[in-house]
Structures are given as C-alpha cells and as structure tokens.
Amino acid sequence: MKIDKYIKILENLVEIPSISSLDSYKDDVVKSAKFVASLFEDLGLVTKIINVENGQPAVLAKTEVDPKKKTVLLYAHHDVQPVGDEEAWNTKPFNPEIIDGRLYGRGSGDDKAGVVLHYAVVEELLDNLPVNIKIFIEGEEEIGSPTMEEFINQNRDDLEADVIVIADSGNIKIGEPTLTTSLRGLVDATIKVKVPIQPVHSGVGGGIVPDAMMVLSKVLSSFHDEEGNLLIKGLDVDSQNVTEIDKDLIERMLGGEKNIPFFKTSSISERLWLEPALDILAIDAPRVEDSINLIIPEASAKVSLRLAPSQDPDKAMEMLKSHVKESSPWGVDVDFIEGAKGSGVLCASSGEFIDILLEKFNEAWGKEPSFMGVGGSIPFANIFSEQFPHAEIALIGASDGELGNAHAPNESVELEDLEKMITAISETLIVFGK
C-alpha cells in the first residue's frame, strides 16, 4: 500500500480551506473540488465537477462500467467547517501536522480522510476491478446538503448502485472498527413570550403579573423531570444493536472533567443515539449587566429536539408545539415558530455487503467491530435511503470519537486507522465482487 502517498494527499487537501458556509471561501471550495477531480482523473476515471443551481461544486467519477459486475458508490465530502477560535488550536488549522501518529488540521477527519480513503481504494483495486465503482464527493455537506435532492434527480445515472458506502462517520474510539447503524433526526423551534403589558417598574407590577422570563422559564423547565427524562408525550424511542460507550470516553469528549452532572440512564449509548433529547440553544432577554428594575414583557428561546431515528419529524414538531402550548403558565399564549426539520435513519447491521465488511474489519484491526449511532443528523443519508431504497448502505469512517474533534478545535485523524480502513474496504470489495 502507498500509505505515504495517501497521507501526502490528505495533507494537500487539508491545506485548502474549503469552508462552504462562508462566502469569503467560495473560491477555496472550488479549488478543493478541482483538486479532488484531478485525483480521480489521474487514475483514469471519467470525472466531472457538477454544480446544480445555488449549489456548491461536487465531484462525480466512475470506472468503466461492466454490466456483469455489481456497482458500488463511494461517498465523502470535501467541504469543511469554519475553524472557530484559532487560539484554541494547538496547530494552525490549515497547516497539517503529524503528531504522535495523528494528522491535525481542519477537515482531516471530517471528511477529507473519506476522500483519501476512496481514492486509495480505487488505486489499490484499479488493475483488477472486482466491481464497478462510482465516486460522489459532495461540496456542501457542512451546510446541510441543501441541494442534494435536486442533485440526485439530475445525476441519478451516475449515483445508482447496489451498495452505497458513506465515509462520513467514524470509529467509536481509536483502534476500534465501527459500523454506524443509526442517525437521529431533528426539529427545532423558537418560543416567543409576550406578556400583554408595557415595561413597568417592578414596584408597580411585581407580584401581581408574571414577567416574560417567568413564563419562559416555566415552559423551558417543563421539558424534563428531576432525573433528566424528557417529558414530551408521544415521542418514539428506537431499539437497535449498539455498543455501550465508555463513560470515561464521554467525559473526555465533553471536556475531561470528572464532575460532569450526567442524567440518570441505564444506557448512555441508547440515550445518546436512539432516544429523543431536547436542548435549549439560546435565550433572548436583557443582559444582567444591562438590567434595571423593569418587568420585561418579551423574551424568547430556541430549542433543539433530537429525534429517535425512526421518528416522523412532522409529528414530532406537532408534539413539541403541543407541549409548549400546554405548558404555558398563567394563561399566557406563547408563540411557537417552527424551524428546521430532518428525518433520522436506521441502517442495517447485516446484509450481503455489510457482513463481508464486518469480517474484514475484524481481520484488519484484529478485533470484533463495534456498532454505534450518531447523536446528530446527516441529512443526505436519509435522502440516500429514500432515493435508493434497494441499495445496501454502509456508514463508516476513518475518524474517531476519542480525539477526532470534528467541528471543534484540534481536529485530527488516526493515520493507522485510515490505513486499516483502506485495507478493509478494498478487501471487502474484492470479496463482494466475486
């Protein structure tokens, strides 16, 4: 295996600040797409860069199609998140550095390692291709894949496959091969409180009418009981084979403190991956340093409700709205403003391709693979499952939940895991193509 070459390609990719959410980096996203396209062109694949209307550049490539062979689509994305607080980085975000076997830099794990994984697999198999390979490297995953459905509609022939390998997840921890079997859905909303009074001195109205913050705090506190259980009626809870995640690992991911106030739960993994969860993201109200003795008539909050993978987001939004309306105290009619909605995905943990993949994971790492969910959402994965219902979908990745820091400062990828992932996917395709 030409691992040194693949690491160099990853370094070159990380050097391109392809931040899709910021207009000032638009040229860099284009540069990144052109670099990715050149990789597959150099391997002899039929390659093109596609922009649908209002979309970011994506790369499509494919080997010569043999109708007698099965077809596998390999997906990754070349766009990245903003770097955030650069002072929190130990290295420069777009100046890749290898430290203790890990390559550091924005996008190193999410998801330029996925791009390199697919490139390496094609190169390793090119002399004797066991399957037809199609490549799809997206350019707008980090902004929610807003044009994915239109992209699929316009390019379906280039995407149809028997198997879709999505390299945008990762291993549960370093050195532990992992198959992702679920993704939670999402709805969010803004709750606005307007008490029908004008701002008045607390000596005039205090004690006879509620202020807006009183009303809002009552609504927000109604979502959970004393043990942290979610109290919204009717939401689904899914069941799936998942590996129990170490509490020590979660503590490290949350900041490394030992006194984190965990909710009571029989399974951290099930709570994190298969059950609904609500968080309060923001509150609009006067700042403490600007406060005066006035009763405030208006306040608002944004809430985010993660959903069990099989939950219908439209029904979940109605349940959230009903809970908010029913929990509003003192007869105050609060406004409920719907926000984003997205479905989750329950992926298979067994199948013709996946069974081979799990066996090759075992061989490459020398240990039984784990099964995990993703507590967040990957919108395009649900679109794939809806648009290609007959395709077997495998959600994997070379990054890890231990030190990977996707979307955070000091993002990195374990290079040994990347190498083993290249081996495992290559050997899986060989067996699958027989």
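Which residue in β5 does Glu97 stand opposite? Glu97 stands opposite Tyr104 in β5.

This is a predicted model, in which local features need pLDDT of at least 70 and side-chain atom pairs count only at pLDDT 80 or more, while totals for chains, interfaces and linings use all residues. Residues are numbered from 1 along each chain as its sequence is written, and side-chain values use heavy atoms, with hydrogens and water left out.

**A three-stranded sheet**

Strands (E, at least two residues) and helices (H or I, at least four) are DSSP runs, numbered from the N terminus. An open sheet of 3 strands has the order β4-β5-β20, with antiparallel pairing, where two strands pair if DSSP finds at least two bridges between them. Its edge strands are β4 (97-99) and β20, each of which pairs on one side only. On average, neighbouring strands of this sheet are turned by 25° against each other, direction ignored. Helix α1 (residues 3-14) lies across β4, β5 and β20 and runs at about 20° to β5; such angles run from 0 to 180 degrees between N-to-C directions, with axes as lines fitted to C-alpha atoms, for helices over the stretch in contact.

| Strands | Bridges | Direction |
|---|---|---|
| β4 and β5 (residues 102-104) | 3 bridges | antiparallel |
| β9 (residues 178-183) and β17 | 5 bridges | parallel |

Ser412 lies in strand β20 (residues 412-414), and it counts as buried because its relative accessibility is 0%; buried means under 20% relative accessible area, exposed over 50%, and partly exposed in between, with a 1.4 Å probe and protein chains only. Apart from neighbours within four places in sequence, Ser412 is in contact with residues including Arg102, Leu103 and Tyr104, contact being heavy atoms within 4.5 Å.

**Strand β17**

Strand β17 (residues 370-374) is largely enclosed by the rest of the structure, because 4 of its 5 residues are buried. Within β17, Phe371 is the bridge partner of Leu179.

**The second largest pocket**

A pocket is an open set of points on a 1 Å grid over the protein atoms alone, where a 1.4 Å probe fits, with protein on both sides within 12 Å along at least five of seven lines; lining residues have an atom within 4 Å of a point. The second largest pocket is lined by 19 residues, and Leu186, Lys341, Gly342, Ser377 and Pro379 lie nearest its centre. The largest share of this lining, 4 residues, comes from α11.
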